[in-house]
Amino acid sequence: MKDVKYILNDTDLYDYHRIQEKLTRFAAEGWHLEKIANLFWKFRRGEPKQVRYEITYSADASVYNSRPTEAEEELADLCAEAGWEKVAAYDQLQIFRNEDPNAIPLETDEVQKYQNIRRNMMWHQIPQYLWMIVLFAVQFLMYGSALLRKPAAILSSSVTLFILMGCAGILIEYAVLLGSNLLWLRRAGRTVDAGQAIPPNRLSRKSRWVQWATTALYILGLLFWVEPAFGLSVLVLTIVAVVISLGTLAITKWLNASRTVNTWVPALVTMAVILLSQPILSPLLTPAETPEVQFPLTLYQLTGERSADRLTIEVDSSPLVSHGRYYDFGGKDEIQYTLVDIHCPLFYDMILNDMEQDYIRTRDYQGDTIICDELRELIGADYLRRSTSPLGSDRWFICWEDRILDLYADWDLTEEQIAILVELLKP
Amino acid sequence: MPREKFQALTEQMFYILLCLKDECCGTDIMTRVETLTGGRVRVGPGTLYNLLEQFAEADFICQTRVNGRRRSYILTDRGRSVLREEYDRIRIQAQDYVQLMGEEETS
């Protein structure tokens with residue numbers, strides 16, 4: 001029979017009602033708290049006992065302190081004189097136990113208790129949440145503005161989409177956590193002003209589900225949404241970074257370093273290790289090379305001219321959009337074209353507007369002609385523009401139901417060539 | 001401003017300050033308050049720790065001795081003044097009660 005077990009902690013640091021209930025219940029079953037960390041709490045088997053657990057918070061305590069502060073130790077001494085044994089501490093959380101059912105409670109003034117909790121939350125937890133929201137809001141806005149500038153390219157990249165959705169998910173997660181805790185603080189303040197006890201933070205318990213859901217979606221997204229090798233590599237890299245960071249923190253704390261050193265050294269060491277291991281990591285983190293891309297339309301198919309230089313500028317695909325830019329040069333003639341397949345109709349108009357603006361801005365001849373309906377119907381397109389330049393270039397902008405083509409040729413396409421183009425590129 | 005914060009003292013605040021008319025360390029305060037009030041008012045160690053910190057910050061008490069981690073405190077002049085004001089407030093309240101409720105109710 002095991003004497004030690006580790007329980008995953010899914011309780012907010014400031015949901016002291018729930019923490020106390022759980023510890024008391026475990027003690028009655030014979031499992032007594034020995035040590036706590038952020039995720040896992042360690043329990044040791046002993047005699048089942050009716051034990052009171054009570055919690056308070058110390059504002060100058062921190063996970064980055066090598067040792068308990070003087071304030072923590074004074075508090076512990078005072079509590080010990082009243083029969084309260086300090087069991088464990090993590091960050092600002094201080095846990096005490098007492099086997100005497102008649103012992104004076106740790107806190108006998110609800111107003112003071114509330115003010116202490118509020119002070120701790122406003123100094124530590126709330127700023128942390130705000131920083132995360134600001135950080136990921138900036139990331140989201142950066143990727144969001146890139147989406148508005150290059151919708152086809154962004155929406156066709158599984159990796160970029162994952163980052164964009166990941167940022168949105170984390171933003172929502174921390175906004176929910178922040179909102180629920182601020183609401184509880186306000187409600188608790190009003191309740192205490194009315195002379196009643198601080199109510200449990202039930203909102204935060206529900207909002208933890210959002211946190212777990214976001215974490216699960218992040219892991220599933222890495223494993224199944226983006227390229228498997230890439231996703232798995234990022235997941236492994238994240239775990240390695242966390243292990244290095246925690247390991248370095250454990251070492252600096254063991255060396256009795258200052259709070260500043262404990263805060264910055266693990267972060268810098270982790271960054272340094274990741275940067276220095278880039279030559280090894282880079283091949284793993286680069287999405288797997290796709291096999292040679294099949295050109296939807298080649299110069300040879302249009303003119304019979306062999307390619308002298310053929311390359312794909314961008315080819316990417318996601319469940320939302322497939323996007324490719326192709327260039328084929330034969331020595332005499334050349335074609336360049338962008339072909340976008342929109343699998344999700346929600347984004348059709350956004351991509352159409354962006355591509356049409358690009359067409360208008362970059363066509364050789366500024367006065368183009370909207371083709372008459374006869375040719376548009378012949379091609380089977382919903383929308384068609386063509387611009388032919390006196391210099392001999394031919395630019396086509398064709399929209400089908402879920403495909404958009406922007407094609408440039410440096411000669412005027414013949415009717416036969418138009419027919420080949422339509423046959424090969426019409427969805 | 002600390003004075004506004006402690007404008008009306010709670011019972012626990014009142015008795016802690018009262019006990020500190022003489023030098024006293026944190027641990028003994030809990031015992032003295034309970035003895036003085038016959039067990040009616042009890043101050044938990046967490047509450048006592050926070051209040052001592054706030055009283056020191058508001059200059060109601062000052063530290064007299066440090067013996068290891070045991071700190072002793074005593075009332076300052078400002079603290080005595082605050083305590084006196086609170087006593088006057090309670091006394092006036094009691095007088096108002098007697099005046100309104102009559103001798104019969106208060107006997």
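Here is a short walk through the strands and helices of chain A. The model is predicted, so to speak of local features takes pLDDT of at least 70, side-chain atom pairs count only at pLDDT 80 or more, and totals for chains, interfaces and linings use all residues. Residues are numbered from 1 along each chain as its sequence is written, chains are lettered from A and ligands numbered from 1 in written order, and side-chain values use heavy atoms, leaving out hydrogens and water.

Let's start with the open sheet of three strands, ordered β4-β6-β5 in chain A with antiparallel pairing. Strands here are DSSP runs of E, at least two residues, and helices are runs of H or I, at least four, numbered from the N terminus; two strands pair if DSSP finds at least two bridges between them. β4 (52-57) and β5 (85-90) of chain A are the edge strands, each with a single partner, so one side of each has no neighbour in the sheet. β4(A) is joined to β6(A) (residues 93-98) by six bridges, and A:Thr56 has A:Gln94 as its bridge partner in β6(A). Helix α2 (residues 70-81) of chain A packs on this sheet, touching β4, β5 and β6 of chain A, where contact means heavy atoms within 4.5 Å.

Elsewhere, β2(A) and β3(A) make a hairpin with three residues between them. Five bridges join these antiparallel strands, and A:Leu33 has A:Phe43 as its partner in β3(A).

Axes are lines fitted to C-alpha atoms, for helices over the stretch in contact, with angles from 0 to 180 degrees between N-to-C directions.
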